[in-house]
Amino acid sequence: MARAKINRNEIAGELRPIAINLIKEALRVYDTVEGVLTEAGEQFEDLVTEARAEVKKGKPSRRNTRHKGKS
C-alpha cells in the first residue's frame with residue numbers, strides 16, 4: 001500500500017482561506033456584540049441618571065410605595 005506524501009505547504013494553502021473566513025466572521029460577531037453591549041450600557045447609564053435625579057427630588061421608589069406596610 002503506497003502512502004501519498006503530504007505536502008505541508010499544500011495543506012496550509014488550503015486551510016488559509018478557511019482560517020481567514022473564520023477570523024472575519026469572529027470580527028463581525030465581535031463588532032455586533034460590542035454594539036449591543038454599548039447600547040445596553042448607555043441605557044443603563046440613563047436609568048442610573050434618572051434614579052439619581054429622583055433620589056435628589058426625594059421621590060420614593062416604586063418598591064417603597066408598593067410594599068408600604070409590609071416588612
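Modeller: Let us start with E25 and R28, which both lie in helix α1, three residues apart, about one turn of the helix; helices (H or I, at least four residues) and strands (E, at least two) are DSSP runs, numbered from the N terminus. This is a predicted model, in which local features need pLDDT of at least 70 and side-chain atom pairs count only at pLDDT 80 or more, while totals for chains, interfaces and linings use all residues. Residues are numbered from 1 along each chain as its sequence is written, and side-chain values use heavy atoms, with hydrogens and water left out.

Biologist: What makes the meeting of the E25 and R28 side chains a salt bridge?

Modeller: The term asks for a side-chain nitrogen of Lys or Arg within 4 Å of a carboxyl oxygen of Asp or Glu. For E25 and R28 the N to O value is 2.6 Å, so the pair meets the definition. By this rule the count comes to one salt bridge.

Biologist: Why is E25 called partly exposed?

Modeller: Buried means under 20% relative accessible area, exposed means over 50%, and partly exposed is in between (1.4 Å probe, protein chains only). E25 has a relative accessible area of 40%, and is therefore partly exposed; R28, with 45%, is partly exposed too.

Biologist: Why is I6 called exposed?

Modeller: I6 has a relative accessible area of 68%, which is over 50%, so the word exposed applies. I6 lies in the segment before α1, and together with I11, L15, I18 and L22 makes a nonpolar surface patch of about 520 Å². Patches are made of residues with over 30% relative accessible area and no salt bridge, where like charges are joined within 9 Å and nonpolar side chains (Val, Leu, Ile, Met, Phe, Trp, Tyr) within 5 Å.

Biologist: What makes the patch of E39, E42, E45, D46 and E50 negative?

Modeller: Asp and Glu count as negative, and Lys and Arg as positive, while His and the chain ends are not counted; E39, E42, E45, D46 and E50 therefore gather as a patch of negative charge on the surface. One of them, E42, is placed in helix α1 (residues 8-57) and counts as partly exposed because its relative accessibility is 41%.

Biologist: How many helices and strands does the chain have?

Modeller: Its secondary structure comes to two helices and zero strands, and buried residues make up 0% of the 71 residues.

Notes. Areas by Shrake-Rupley, 256 points an atom, 1.4 Å probe, with all protein chains shown as cover. Charge placed at Lys NZ, Arg CZ, Asp CG, Glu CD.
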